[in-house]
Amino acid sequence: MEILRVFGMALFAVLMCVNLAACGSSDDDPSDEPGGGGVVNSGKKISKIVGTSGDGSFSATLKFSYDSKGRLSEAVETEEEDGYKESDTYKFIWGDDIIKVNESSTYSGSTYTESYTLVLKDGLVQYEEYEDEGDTGTYTYNTSNRLIKFSEGSYWSCSAIWDGDKLVSIYDDYEEATITYGKSCQKGYFPFIATMMEAGECATLFMAHPEIAGMRTAQLPASITWAYDNYDGTESETSTMEYEFDKEGYISKIMGRETDSDGETSTYTYTLTWQ
């Protein structure tokens with residue numbers, strides 16, 4: 001269960017700024033320099049994300065906890081849709097150039113567990129191994145250390161195109177996204193790149209530490225259009241976003257409107273807390 005396969009493809013169904021003047025320059029916060037193991041320890045960290053659909057039928061909450069070194073130690077995600085509840089708990093064990101993830105999922109009274117390991121080099125995740133399945137996920141970067149491809153063996157891959165620190169396109173065998181931008185946030189970063197790319201088994205880790213997978217950026221998408229094939233041909237869905245910020249310039253709220261090929265619309269809101 002991935003919270004917030006954000007900004008497109010029927011955001012809530014697929015499960016998983018108003019004040020633009022508050023934005024600053026187009027670059028990442030210059031104080032956000034990587035620390036040990038590639039993790040950024042300066043500035044505030046994302047501590048909570050709450051997502052709700054405009055009609056109230058869906059809600060999701062993701063809470064983050066960190067260790068004394070500022071590394072994500074646990075993330076708890078809960079979702080509720082039409083009276084059904086689901087929860088995931090992720091626990092992270094950090095070693096030298098390795099992160100082990102233990103995941104526990106509960107749905108309809110049943111609990112499922114799985115474990116996987118991410119291997120890093122020079123502060124960037126290179127691949128992940130799925131212990132139960134014996135498969136491997138591979139990360140590929142450009143010369144600027146931006147993630148441009150994630151592959152799960154020969155079965156599936158997702159690729160990306162960056163223009164500097166702007167992610168402008170995402171594509172796989174079935175769909176493609178085109179992204180436009182307004183401005184950037186003064187502090188922090190945009191936390192949903194990993195969910196947009198569906199990169200890795202645990203996008204939750206990259207929502208807290210996007211820098212270890214080349215996805216940290218202060219650029220804020222203004223619109224995302226997904227084009228995909230179905231039995232009736234090609235269809236598309238477009239999400240447009242507006243942002244609110246706290247007094248320090250961190251994103252505090254994202255308000256989106258999604259419109260599909262038939263002209264039907266839905267809305268969603270994400271409230272972000274930084275500590």
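What pLDDT does the chain average, and which salt bridges are formed by the side chains?

Guide: This is a predicted model, in which local features need a pLDDT of at least 70 and side-chain atom pairs count only at pLDDT 80 or more, while totals for chains, interfaces and linings use all residues. Residues are numbered from 1 along each chain as its sequence is written, and side-chain values use heavy atoms, with hydrogens and water left out.

The chain averages a pLDDT of 84, and 85% of the residues score at least 70, where pLDDT is the predictor's confidence in each residue, from 0 to 100. Confidence in the chain is lowest in helix α1 (residues 11-14), with a mean of 32, and highest in strand β11 (residues 166-171), at 95; helices (H or I, at least four residues) and strands (E, at least two) are DSSP runs, numbered from the N terminus. Over residues 1-35 the pLDDT stays under 50, although the model has 138 contacts beyond four places in sequence for them, a contact meaning heavy atoms within 4.5 Å. Where pLDDT is low, the predicted coordinates should not be read in detail.

Turning to the salt bridges, the count comes to four, by the rule that a side-chain nitrogen of Lys or Arg lies within 4 Å of a carboxyl oxygen of Asp or Glu. One of them joins E248 to K44, with the closest N and O atoms 2.5 Å apart. Because E248 lies in the loop between β14 (233-245) and β15 (251-260), and K44 in the loop between α1 and β1 (46-53), this pair ties together parts that are 204 residues apart in sequence. E248 is partly exposed, with a relative accessible area of 37%, and K44 is likewise partly exposed, at 30%; here buried means under 20% relative accessible area, exposed over 50%, and partly exposed in between (1.4 Å probe, protein chains only).

Another salt bridge is formed by the side chains of K91 and E74, at 2.3 Å from N to O. That pair links distant parts of the chain, with K91 in strand β4 (residues 84-95) and E74 in strand β3 (residues 72-81), 17 residues apart. K91 counts as partly exposed, at 42% relative accessibility, and E74 is partly exposed, with a relative accessible area of 24%.

The side chains of R71 and D67 also meet in a salt bridge, at 2.9 Å from N to O, and D67 is partly exposed, with a relative accessible area of 25%.
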